[in-house]
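Hi there,

Here is the structure I promised to pass on to you. Have a look at it first, and then read my notes below.

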Amino acid sequence: MAGALKRFIPLFDRVLVERFAAETKTKGGIMIPEKAQSKVLQATVVSVGPGFRQENGNTVPCSVKAGDKVLLPEYGGTKITFEDKDYFLFRDGDILGKLDS
């Protein structure tokens, strides 16, 4: 993990994820052009905020933790670039599910 990324802690119920790389070849070995590659909806959680605060002051922790593999919505998230790598910030409630590894 990069130095700047280690110091980055999302606020509230935000989750920082790194999307998986898109498939560039088919199983048969044919190269897929960049325009034809589908958007990758799976990612690895890099960092998680402390959670959101309820009206009574209690903090509700996020449902995922660093290292989890998650399923993301097709659209949404805020793109962030650290040292030439792209990461995305999502709210905990926007994440569709957690994948068993």
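**Salt bridges**

The chain has five salt bridges, a salt bridge being a side-chain nitrogen of Lys or Arg within 4 Å of a carboxyl oxygen of Asp or Glu. Before the details, please keep in mind that this is a predicted model, in which local features need pLDDT of at least 70 and side-chain atom pairs count only at pLDDT 80 or more, while totals for chains, interfaces and linings use all residues. Residues are numbered from 1 along each chain as its sequence is written, and side-chain values use heavy atoms, with hydrogens and water left out.

One of the bridges joins Lys 85 and Glu 18, at 2.9 Å from N to O. This pair links distant parts of the chain, 67 residues apart, with Lys 85 in strand E7 and Glu 18 in strand E1. (Strands, E, of at least two residues and helices, H or I, of at least four are DSSP runs numbered from the N terminus.)

Asp 68 has a bridge to Lys 65, with the closest N and O atoms 3.4 Å apart, and another to Lys 98, at 3.8 Å. Shared partners join Lys 65, Asp 68 and Lys 98 into one network. Asp 68 is buried, at 11% relative accessible area, whereas Lys 65 is exposed at 53%. Here buried means under 20%, exposed over 50% and partly exposed in between, using a 1.4 Å probe and protein chains only.

**The core**

Phe 88 also belongs to the largest nonpolar core, which has ten residues, including Val 17, Ala 43 and Leu 72. Such a core is a set of buried Ala, Val, Leu, Ile, Met, Phe, Trp, Tyr and Cys residues joined through side-chain atoms within 4.5 Å. E1, E2 (42–48) and E7 (85–91) each supply at least two residues of this core.

Most residues other than glycine have a negative phi. Phe 12 has a positive phi of about 50°, and Asp 84 has one near 65°.

Enjoy exploring!
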